[in-house]
Amino acid sequence: MIENQFEKVETATSVEMALQKIQENIFSCILLDIHLKDRNGAEVLKFLKDNPENKNHNCPVVILSGIINAQFVDKNKNRFAGIIIKPFNNDSLIEMIQNILSGKKEKDYNDIPSPNCQLPFPIPQLQDKVNKVMDQVKKNNKVKQLFSELKIDRNTDAFLMAHIGMLINVATGISNKLEWNTDKTLEKFVYAAYLHDMAIAEKPELLRIQATTIELELMKDKMDSRDYKLLFDHATLAANKIDEIIEVPQDVGIMVRQHHELPRGNGYPLRLPFGKITPLSTVFIVAHDLVDYIWANPNWTVKGYCASVKTKFKGPHFAKVLYALSELS
Ligand SMILES: [Fe+2]
Ligand SMILES: [Fe+2]
């Protein structure tokens with residue numbers, strides 16, 4: 001695919017070969033897989049960036065990986081130009097390389113990035129359907145502007161892009177099992193996944209917090225008071241913005257407003273009892289929780305997850321959603 005698009009492409013099938021090639025040639029862009037057969041691709045990144053005298057020290061590196069670990073991203077975020085999460089969308093990869101080669105700044109081509117991730121459940125044609133929704137988003141100016149406010153810097157924040165991509169995948173997987181598998185429902189999940197954390201998109205440390213009201217209360221003294229307020233209000237801030245735009249599909253604002261609520265009335269910011277949490281929000285809340293669980297537990301299983309949240313997610317809607325999830329694999 002890359003050879004069809006670009007004039008000169010060199011390939012290395014091992015870390016050793018890659019290290020040899022980068023010492024012999026000057027490259028315009030390097031695509032680097034992390035999980036390689038013999039050694040870790042991160043070694044190549046380390047060599048490139050830790051040795052200022054090497055020919056490709058300033059060459060932009062794009063990481064390709066199936067699973068990107070949050071620690072790796074935090075540690076290395078200033079050392080690569082982009083991340084593509086496998087399985088990836090060919091167009092986004094080509095677009096990213098073209099923009100790097102033409103020297104465009106990330107923000108110019110990254111108003112609305114697209115998730116490159118179909119993990120963890122195989123859902124046929126999901127990426128195509130998501131792309132269709134995003135095409136619609138780009139056609140409507142007001143909606144496009146709303147999405148552009150996300151200000152994701154795809155270069156560095158793989159966490160948010162993976163969070164969005166996985167969230168769409170899990171929410172769609174569950175809703176398919178519940179037989180709510182219409183394109184309209186998928187569209188709502190795409191909107192909610194993109195927009196729910198828009199108020200904290202630039203604060204990766206806040207994005208990673210998943211807490212009950214009590215846990216939040218305990219964190220209060222240890223956090224910067226503005227950050228605490230932002231975290232507490234982020235669902236409301238995003239939902240208020242969404243509700244101003246009539247073109248956003250119905251229910252998206254509610255899902256976003258409720259995405260940190262919990263069925264025992266111990267979520268935030270509204271402490272809603274489970275009867276007030278809508279069925280679509282229920283799917284979104286469970287999907288969001290599972291996405292965090294997957295991120296924190298690389299060896300996760302659906303069974304292990306369902307067992308761990310039995311008490312947390314009590315209540316009729318939630319039981320149904322967990323049952324649907326338990327049938328997914
Ligand atoms: Fe989130
Ligand atoms: Fe959130």
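Student: Let's start in the sheet of this predicted model. Which residue is the bridge partner of Ile63 in β3?

Tutor: β2 and β3 run parallel and are joined by 4 bridges. Looking across from Ile63 into β3, the bridge partner is Ile83.

Student: And on the β1 side, which residue stands opposite Ile63 in β2?

Tutor: β1 and β2 (residues 61-65) also run parallel, with 4 bridges between them. One position to look at is Asp33, which stands opposite Leu64. For Ile63 in β2, the residue standing opposite is Leu32.

Student: What is the strand order of the open sheet, and which strands are at its edges?

Tutor: There are 3 strands with parallel pairing, in the order β1-β2-β3. An edge strand here pairs on one side only, and that picks out β1 (30-33) and β3 (82-85).

Student: By how many degrees are neighbouring strands of this sheet turned against each other on average?

Tutor: Take the angle between neighbouring strands and ignore direction. The average for this sheet comes to 25 degrees.

Student: Helix α5 packs on the sheet, so to speak; what angle does its direction make with that of β3?

Tutor: Helix α5 covers residues 90-101 and touches β2 and β3. Angles here run from 0 to 180 degrees between N-to-C directions. Against β3, the direction of α5 makes about 170 degrees.

Student: Now Ile2: is it buried, exposed or partly exposed, and why?

Tutor: Ile2 sits in helix α1 (residues 2-5). Its count is 13 other C-beta atoms within 10 Å. Buried takes 20 or more and exposed takes 12 or fewer, so Ile2 is partly exposed.

Student: How far apart are the C-alpha atoms of Ile2 and Ile97?

Tutor: Along the chain these two are 95 residues apart.

Student: Over to α13: where is its kink centred?

Tutor: Helix α13 (residues 225-244) has 20 residues and reaches 28 Å from its first C-alpha to its last, close to the 28 Å expected. There is still a kink of about 55 degrees, centred on Asp233.

Student: Which helices do the buried residues of α13 pack against?

Tutor: The buried residues are Leu231, His234, Ala235, Ala238, Ala239 and Ile242. They pack against α10 (183-195), α11 (204-207) and α14 (252-257).

Key:
Residues are numbered from 1 along each chain as its sequence is written. Chains are lettered from A and ligands numbered from 1 in the order in which they are written. This is a predicted model: local features need pLDDT of at least 70, side-chain atom pairs count only at pLDDT 80 or more; totals for chains, interfaces and linings use all residues. Helices (H or I, at least four residues) and strands (E, at least two) are DSSP runs, numbered from the N terminus. The expected span of a helix is 1.5 Å times one less than its number of residues. The bend at a residue is the angle between axes fitted to the seven residues ending there and the seven starting there. Two residues are in contact if their C-beta atoms, placed from the backbone, lie within 7 Å. Two strands pair if DSSP finds at least two bridges between them.
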